[in-house]
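Q: I have not looked at this one before. Can you take me through its aromatic rings?

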Amino acid sequence: MSVSSKSSGITSNRWFKPGVITAGALVLALVLVLVAMWLRTLEPVKQFLIDYPGHSDLPEGAPTGFPAWLGWQHFLNMFFLVLIIRSGWQVRTTTRPPAYWTRNNKGFIKTKNPPTKISLDLWFHLTLDALWVLNGIIFIVLLFATGQWLRIVPTSWDVFPNAVSAGLQYASLNWPVENGWNNYNALQLLTYFITVFIAAPLAIITGLRMSGAWPKKAAVNKFYPIELARKIHFPVMIYFVAFVIVHVTLVLATGALRNLNHMYAANDDNTSWWGFGIFAASIVFTAAGWFLARPLFLRPIASLMGKVSR
């Protein structure tokens with residue numbers, strides 16, 4: 001390699017430094033805000049925002065408010081997602097696992113071939129995945145049993161122009177009117193729909209394909225190779241990270257007490273601190289889970305389901 005090409009490589013790598021990326025993102029955000037503000041001064045855009053205020057009407061019979069079960073679902077989903085992201089990142093970046101785990105080939109799950117030895121980090125990740133999927137099944141059943149699905153599934157085409165309207169309002173820093181107790185704005189609705197019915201299934205399907213539980217000689221492997229699953233699985237994880245950051249930011253920035261009461265206390269009170277208290281407790285619990293998710297504490301639990309070795 002020539003000196004000039006080496007220098008070129010070093011120069012190009014400078015663009016990927018965290019400080020440069022952060023500065024670039026801030027400049028891009030500022031440009032986006034200024035463009036959105038300018039667009040809102042144009043008469044056609046003003047009329048568009050009148051015609052499409054940012055939310056679609058819910059179907060007749062759609063429920064109002066949040067049932068109590070959504071509160072513990074919010075907590076469990078947050079708890080599992082945070083630890084799944086943490087353990088998934090460890091699986092991806094750890095070169096020398098602190099320990100390995102081999103499943104006991106006894107009891108309810110028995111296989112003809114010997115179980116595969118996996119890292120303790122991967123065992124923890126897969127265990128969390130299983131609990132998250134179980135919780136997700138309960139969530140989906142309750143979602144359709146109570147009619148709450150009508151609040152996060154698009155039922156009319158005008159949700160798309162309304163989503164554009166809501167996005168423009170967010171970008172111009174003149175945010176849509178917050179009324180989540182009765183109806184999400186169209187951008188929220190589409191985001192929740194993508195998260196529940198597209199991103200979550202993609203995470204599950206690609207995760208299964210990458211796991212040792214997937215049959216190695218399945219006919220579908222020819223059309224669904226493990227390399228494809230890996231290429232999808234990581235961007236889906238990035239999507240969930242972005243979703244959590246944006247979701248928490250907007251919850252706190254658009255009326256924290258009221259939003260947290262919606263999510264955790266199942267009421268529409270904007271003065272009560274119950275929702276905030278439950279949310280704070282859930283943060284402490286999740287932080288404790290993050291701290292305890294290390295080999296010293298994971299080994300005894302993993303040994304109940306298999307053999308832990310170095």
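Q: Which residues do ring pairs link into a cluster?
A: This is a predicted model. In the model, ring pairs join Phe66, Trp132, Trp181, Tyr184, Tyr192, Tyr239, Phe240 and Phe243 into a cluster.

Q: And how many aromatic pairs are there in the whole structure?
A: A search of the whole structure gives 25 aromatic pairs. One of them is Tyr184 with Tyr192: the ring centres are 4.8 Å apart and the planes meet at 70°, so this pair is edge-to-face.

Q: Tyr184, then: buried or exposed?
A: Tyr184 has a relative accessible area of 13%, so Tyr184 is buried. Tyr192 is buried as well, with a relative accessible area of 15%.

Q: What lies over the face of Tyr184?
A: Arg151 does, at 5.0 Å from the ring centre.

Q: Which ring has the charged end of Lys117 over it?
A: That of Tyr100, with the charged end 5.1 Å from the ring centre.

Q: Different topic. What kind of aromatic pair do Trp214 and Tyr224 form?
A: Their pair is edge-to-face, with 5.9 Å from centre to centre and 85° between the planes.

Q: Where do those two lie?
A: Trp214 and Tyr224 each lie in the loop between α7 (186-210) and α8 (226-253), so their pair ties together parts that are ten residues apart in sequence.

Q: Why does Tyr224 count as buried?
A: Because its relative accessibility is 13%, and buried means under 20%.

Technical notes: Residues are numbered from 1 along each chain as its sequence is written. This is a predicted model: local features need pLDDT of at least 70, side-chain atom pairs count only at pLDDT 80 or more; totals for chains, interfaces and linings use all residues. Side-chain values use heavy atoms; hydrogens and water are left out. Rings of Phe, Tyr and Trp (its six-membered ring) pair if their centres lie within 6.5 Å; planes under 30 degrees apart count as stacked, over 60 as edge-to-face and the rest as tilted. Buried means under 20% relative accessible area, exposed over 50%, partly exposed in between (1.4 Å probe, protein chains only). Helices (H or I, at least four residues) and strands (E, at least two) are DSSP runs, numbered from the N terminus. A charge sits over a ring if NZ of Lys or CZ of Arg is within 6 Å of the ring centre and within 35 degrees of the ring normal.
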